[in-house]
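Below is a short briefing on one protein chain. Please look over the sequence and the structure before reading on.

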Amino acid sequence: MTEVRTRSTIRGTRGPVRAVNRWLIGIATALGLFQLVVLPLVLLPHDPAWGWTLLVPMLLTTPFWSLIHEAVHGTLLERRARNDGCGRALAVLYGSPFALLKAGHLLHHRYSRTRERTEIYDPATSSWAKAAPGYYLRLFGGLYLLEVAAVLLAALPAPLLRGLARRLDAPDSVSGPLFERIAQAEQLTRFRTDAVAIVALHTAALLAYGEHAWMLLAALGGRALIISVSDNAYHYGTDLDAPLEAMNLRLPRPLERLALNFSLHGVHHRHPGLRWYELRDRFVAEGAHYDLGWTAAAARQLRGPIELRG
């Protein structure tokens, strides 16, 4: 898809914008290392009250993910190698391999509201009661936990991954294509390397926290909740068989900018090649509107699974 890029509203030049992205990468990396290294080794031994600072990286989960999201689309940094390298490093701090996150998100763009429609169940083969437990588990943290648990796939040989891809392939799931992409030689090597780094870093962090390990687990639990609740809020109840369908959700302008305009999700789905700082200009240029407030969109997911209607 050819994208027509708009000029950045950040000082009107590309140089300062690239500088902003570098600063954001530096801040996100510093926060990740603070959470996993500095806090348990330097600060907590002096005073456990420092544990409250874990609220900062937890509450900044959305902008942290948004930077990874930019790297997934190749728009975080100009050079591909640097873009992917930063994406991989940030994903290690996030807790899931970049190869998985990239493949999964690009499949989301391809199959959104077709093969991927999280809240929909077919009454011919299921029911609300049967679909609800899995749905609510995914909503309240399960999505992030699945992303983290995926590091276990690194231990599987490529033929087994391809076999799982064939077994899991289904019209209402992207698991088959996802496993198939991970099993590709180059992707699998990167996946395994990053999985080892994730396990080593987070295991070392838990050991460093010692008796305070529950603090880190609680912070990661908060991240899991934020990621999982946010993921499908932009698509819940929207038209099926429409991969470009997504909602723009209203946030106060400072929070919208803090989230790197991720709430302008409808614009992003129509123009996935635009950088985060170009979305607001395109939103205005198209005369787009907000479909709902962010909180209302997140809350309405509590209604649960939705029956597929012919």
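Does Leu260 count as buried or exposed? At 7% relative accessibility, Leu260 counts as buried, where buried means under 20% relative accessible area, exposed over 50% and partly exposed in between (1.4 Å probe, protein chains only). This is a predicted model, in which local features need pLDDT of at least 70 and side-chain atom pairs count only at pLDDT 80 or more, while totals for chains, interfaces and linings use all residues. Residues are numbered from 1 along each chain as its sequence is written, and side-chain values use heavy atoms, with hydrogens and water left out.

**Overall dimensions**

- The chain has 14 helices and four strands; helices (H or I, at least four residues) and strands (E, at least two) are DSSP runs, numbered from the N terminus.
- Along the principal axes, the C-alpha atoms fill a box of roughly 60 × 50 × 40 Å.
- Of the 310 residues, 47% count as buried.
- The accessible surface comes to about 15,300 Å², and 63% of this belongs to carbon and sulfur atoms. Accessible areas come from the Shrake-Rupley method with a 1.4 Å probe; for residues, only the protein chains shown count as cover.
- Among the contacts (heavy atoms within 4.5 Å) with a separation of 6 or more, 72% join residues 24 or more positions apart.

**Nonpolar cores**

- A nonpolar core is a set of buried Ala, Val, Leu, Ile, Met, Phe, Trp, Tyr and Cys residues joined through side-chain atoms within 4.5 Å.
- The largest core has 40 residues, of which Phe64, Trp65, Ile68, Leu76, Leu90, Tyr94 and Tyr209 touch the most other members.
- At least two residues of this core come from each of helix 1, helix 3 (61-72), helix 4 (80-94), helix 5 (98-111), helix 6 (128-149), helix 9 (185-209) and helix 10 (213-231). Helix 10 supplies the largest share, seven residues.
- Apart from this core lies another, of 22 residues, including Leu107, Leu161, Ala183 and Leu188.
- Neighbours within four places in sequence left aside, Trp65 is in contact with Tyr94, Leu101, His105, Ile227 and Phe262.

**Surface patch**

- On the surface, Leu33, Val37, Val38, Leu41 and Val42 form a nonpolar patch with about 380 Å² of accessible area together. Patches are made of residues with over 30% relative accessible area and no salt bridge: like charges are joined within 9 Å, nonpolar side chains (Val, Leu, Ile, Met, Phe, Trp, Tyr) within 5 Å.
- Val37 sits in helix 1 (residues 14-43) and is partly exposed, with a relative accessible area of 30%.

**Salt bridges**

- The structure holds ten salt bridges, each defined as a side-chain nitrogen of Lys or Arg within 4 Å of a carboxyl oxygen of Asp or Glu.
- Arg275 pairs with Glu78 in a salt bridge, with the closest N and O atoms 3.3 Å apart. Arg275 lies in the loop between helix 12 and helix 13 (279-285) and Glu78 in the loop between helix 3 and helix 4, so the pair ties together parts that are 197 residues apart in sequence.
- Arg275 is buried at a relative accessible area of 11%, whereas Glu78 is partly exposed at 42%.
- Glu119 and Arg113 meet in a salt bridge (2.8 Å, N to O), and both are buried.
- Arg115 forms a salt bridge with Asp169, the closest N and O atoms being 2.5 Å apart. Arg115 is in the loop between helix 5 and strand 1 (120-121) and Asp169 in the loop between helix 7 and helix 8, 54 residues apart.
- Arg115 counts as buried at 17% relative accessibility, and Asp169 is partly exposed at 44%.
- A network of salt bridges links Arg253, Glu256 and Arg280.

**Loop residues**

- Val174 lies in the loop between helix 7 (158-168) and helix 8 (175-182) and is buried at 15% relative accessibility.
- Beyond its neighbours within four places in sequence, Val174 is in contact with Leu107, Tyr111, Arg115 and Glu116.
- Most residues other than glycine have a negative phi. Asp241 has a positive phi, near 55°; Asp241 lies in the loop between helix 10 and strand 2 (249-250) and is exposed, with a relative accessible area of 60%.
- Phi of Leu260 is also positive, near 55°, and Leu260 is found in the loop between helix 11 (253-258) and helix 12 (265-270).
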